[in-house]
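I opened my notebook to look up a few things in this structure. My entries follow in the order I made them.

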Amino acid sequence: MTSLTGAAHSGLIQNKIGAKLPVVERAEGVWLYDSEGKDYIDGCSGAVVANLGHSHPHIVDVIRKQSAKVTFVHRGAFASSSMYRLADRLSNATGMAGVWLVNSGSEAVEAAIQFALQYFVELGRPRPRFLSHRRSYHGNTLGALSLSGHARRAVLGELALDFNVLPDPYSGAPVDELLAQVRAELERTPGQVAGIVFEPLSGATLGCVPLPDGYLQGLRALADEFGTLLIADEVMTGLGRTGRMLACDHWGVRPDIAALGKGLGAGYTPIAAALVSGRVLDAIASGSGSIRGGHTYGGNPLSVAVADAVLELTLNLGLADTALVKGEWLSDALRQLAEKHPMIVDVRGCGLMWGVDLARPGGESAAAAPIGERLRQAALAHGLVIYPTTGGFNDACIIAPPLTITEDELQHLVDRLDAALTEVESA
Ligand SMILES: Cc1ncc(COP(=O)(O)O)c(C=O)c1O
């Protein structure tokens with residue numbers, strides 16, 4: 001095919017039209033191999049997805065066996081045994097009462113919004129509004145994008161839903177002040193706010209910045225006082241990534257609804273879920289008794305069998321605890337890199353989800369390519385995949401390797417990052 005400019009190109013639409021990316025051939029554990037035989041360490045689990053690493057033999061075996069049995073039935077016509085198993089396992093692991101299965105993190109956030117809306121309809125007191133943080137990312141669909149000020153929101157223009165914004169918890173402002181502003185916002189719109197949506201650590205937008213201590217407990221108390229639901233977006237942070245099954249557990253806070261994605265399928269299948277508390281589930285079960293929404297592939301037998309095997313392995317291997325131990329090693333190593341490389345101005349994170357905030361090398365013009373993207377490219381050349389933030393608020397990169405990474409592989413990762421930093425600083 002020939003483009004208008006006369007250049008040959010494929011009909012494939014990529015995020016960057018016509019991008020020339022390495023072609024992946026195969027993957028094993030934390031290693032990726034391209035069609036030229038070059039190896040890469042997956043230092044960000046794709047997009048903080050591949051918690052078990054790639055091509056895990058047990059999961060590959062489950063895929064093979066389940067594919068030979070049944071891959072699709074519609075959940076309105078049939079259930080499957082692994083569907084029940086996955087729901088029980090997820091409930092037991094997270095303490096949430098109900099599990100609604102969808103296919104992507106964005107869908108899980110949309111489902112969370114709809115569960116909150118339905119909850120208040122069931123109570124006979126509909127509430128139409130949501131509160132969230134501007135510096136966040138909740139997904140690429142209309143409702144999810146309207147909850148955030150991520151750069152992607154620009155595409156919606158005037159169409160973005162008019163949700164209200166909470167004060168910025170990452171500003172360094174005292175927690176008491178932040179919570180006083182949240183209270184003022186709730187008082188301004190009495191009986192209107194169905195849910196407060198938040199990420200426990202800002203992922204794709206800022207690069208692993210945790211909420212300040214005390215803030216989430218304060219949000220929980222305010223949500224209870226004003227009868228609002230607390231909705232945790234745990235799409236990136238959930239299922240062991242931060243060292244707990246839900247990152248909210250770090251602060252001892254239980255949300256009313258939680259969105260899961262990424263690590264649920266761990267790169268083996270697209271699957272995500274909205275988890276709801278007993279309070280929400282009971283209101284619906286004893287009210288209309290039904291959920292109107294859903295997506296065709298939601299809860300398909302192949303995806304649920306795979307996700308159930310992923311979760312079983314995650315629990316059996318104790319990967320959440322492992323993430324804490326390996327994360328301590330990684331954070332120490334990143335802090336040592338920060339001492340050596342002035343380009344790193346902050347290191348923060350939790351478990352195996354770390355972010356490095358980056359400054360431009362001295363004297364560089366603001367017109368140069370974003371430094372996070374430049375570091376990503378340099379790292380790729382050195383055989384390391386990292387994930388630059390895309391929110392448009394800062395320059396940072398996420399380092400979040402598979403939870404199964406070994407100590408040796410962590411050392412390789414840090415060595416390759418060191419080389420990439422040296423290259424960008426000396427360019
Ligand atoms: C916190 C958070 N929520 C939601 C999403 C959207 O998930 P998906 O890309 O699977 O739709 C993401 C994706 O990066 C995310 O990080």
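These notes cover confidence first, then the ligand and its surroundings.

Entry, confidence. I am working with a predicted model. I looked up the mean pLDDT of the protein chain and found 95. I noted that 96% of the residues reach 70 or more. I then turned to residues 1-6, where pLDDT stays under 50. For that stretch, the model has seven contacts beyond four places in sequence.

Entry, the shell. Which residues surround the ligand? I listed Ser 104, Gly 105, Ser 106, Tyr 137, His 138, Gly 139, Glu 199, Asp 233, Val 235, Met 236 and Lys 262. I sorted this shell into three nonpolar, five polar and three charged residues.

I checked oxygen atoms of the ligand. A polar side-chain atom of Ser 106 lies 2.5 Å from one. Gly 105 places a backbone N or O atom 2.9 Å from a ligand oxygen. For Lys 262, I found a side-chain N or O atom 3.0 Å from an oxygen of the ligand.

Entry, burial. I looked up the area of the ligand taken alone, and it exposes 390 Å². The protein buries 83% of that.

I noted that the ligand takes up the space of the second largest pocket.

Methods: Residues numbered from 1 in each chain as written. Predicted model: local features only at pLDDT ≥ 70, side-chain atom pairs only at ≥ 80, totals over all residues. Heavy atoms only, no water. Near = heavy atom within 4 Å. Polar contact = N/O pair within 3.5 Å; in protein donor to acceptor, adjacent residues only side chain to side chain. Areas by Shrake-Rupley, 256 points an atom, 1.4 Å probe, with all protein chains shown as cover. 1 Å grid on protein atoms, 1.4 Å probe; cavity = no way out; pocket = protein on both sides within 12 Å on 5 of 7 lines; lining within 4 Å. Sits in = over half its atoms within 2 Å of the grid points. Nonpolar A, V, L, I, M, F, W, Y, C, P; charged D, E, K, R; others polar. pLDDT = per-residue confidence, 0-100. Contact = heavy atoms within 4.5 Å.
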